[in-house]
Amino acid sequence: MGLWWSQIEAAIREDFADIPDLKNVVKLILRLLMAATLGGLLGYQRERVGKPAGLKTHMLVATGAALFILIPQQAGATTSDLSRVIQGMIAGIGFLGAGAILKQDETGEIKGLTTAAGIWLTAAIGMAAGMGRETSATLGTILALLILTLLRRIEKFMR
């Protein structure tokens, strides 16, 4: 029976050996938390103004985008491999955003374009965080929040 337990322990240790040292564990945690936090800030703003894609959606999109970058990096992907991952994510997130766009039949008004653009930007912010570009991700988030809050006020004033 002791042999079984040692084999189980060895299998578990092997499966969790994708992060070789504490430095890489901290880096992974930092990047995922950064992506989730920045996505959450954008999602909170969208939820606060009553939009359907809110806090959870934006946090999941940003964290997922970061993971799609982090996993190939950990596996030793080349720059061209990461480029293909990014291309696929950009196309894939476009489909998610397209689901947020609705056309109102009676008025012909299109709704959800800002939500779709926000989801797309949130994925980009998650990718930046996943690549270790925390400053770029933070600045992108700040700019997005400024756009979403200040321009909303300007639009209301213009009406």
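Predicted model: local features only at pLDDT ≥ 70, side-chain atom pairs only at ≥ 80, totals over all residues.
I started with the largest nonpolar core, which has 11 residues: A35, L38, L42, A62, A66, I125, A128, A129, A137, A144 and L148.

Leaving out residues up to four places away in sequence, A137 touches L38, I125, A128 and A129.

Then I turned to the packing of α2 (residues 22-48) with α5 (residues 113-130). I read off an angle of about 160° and axes 8 Å apart. Over 145 degrees counts as roughly antiparallel, so α2 and α5 are roughly antiparallel to each other. I also noted that α2 passes α5 in a right-handed crossing. From α2, the contact uses R31, M34, A35, L38, G39, L42 and R46; from α5, T114, T115, T122, I125, G126, A129 and G130 take part. Sorting the residues of this contact, I got 6 nonpolar, 6 polar and 2 charged.

My last stop was Q45, also in helix α2. Is Q45 buried or exposed? Its relative accessibility is 3%, so I put Q45 down as buried. Setting aside neighbours within four places in sequence, I found Q45 in contact with L145, L148 and T149. One of these, L148, I had already listed in the largest nonpolar core.

How values were computed. Residues numbered from 1 in each chain as written. Heavy atoms only, no water. Axes fitted to C-alpha atoms, helices over the stretch in contact; angles between N-to-C directions. Helix = DSSP H or I, 4+ residues; strand = E, 2+ residues; numbered from the N terminus. Parallel < 35°, antiparallel > 145°, perpendicular 65-115°, else oblique. Left-handed = near helix turned anticlockwise from the far one by under 90°. Contact = heavy atoms within 4.5 Å. Nonpolar A, V, L, I, M, F, W, Y, C, P; charged D, E, K, R; others polar. Buried < 20%, exposed > 50% of the residue type's maximum accessible area, 1.4 Å probe, protein only. Core = buried A, V, L, I, M, F, W, Y, C linked by side-chain atoms within 4.5 Å.
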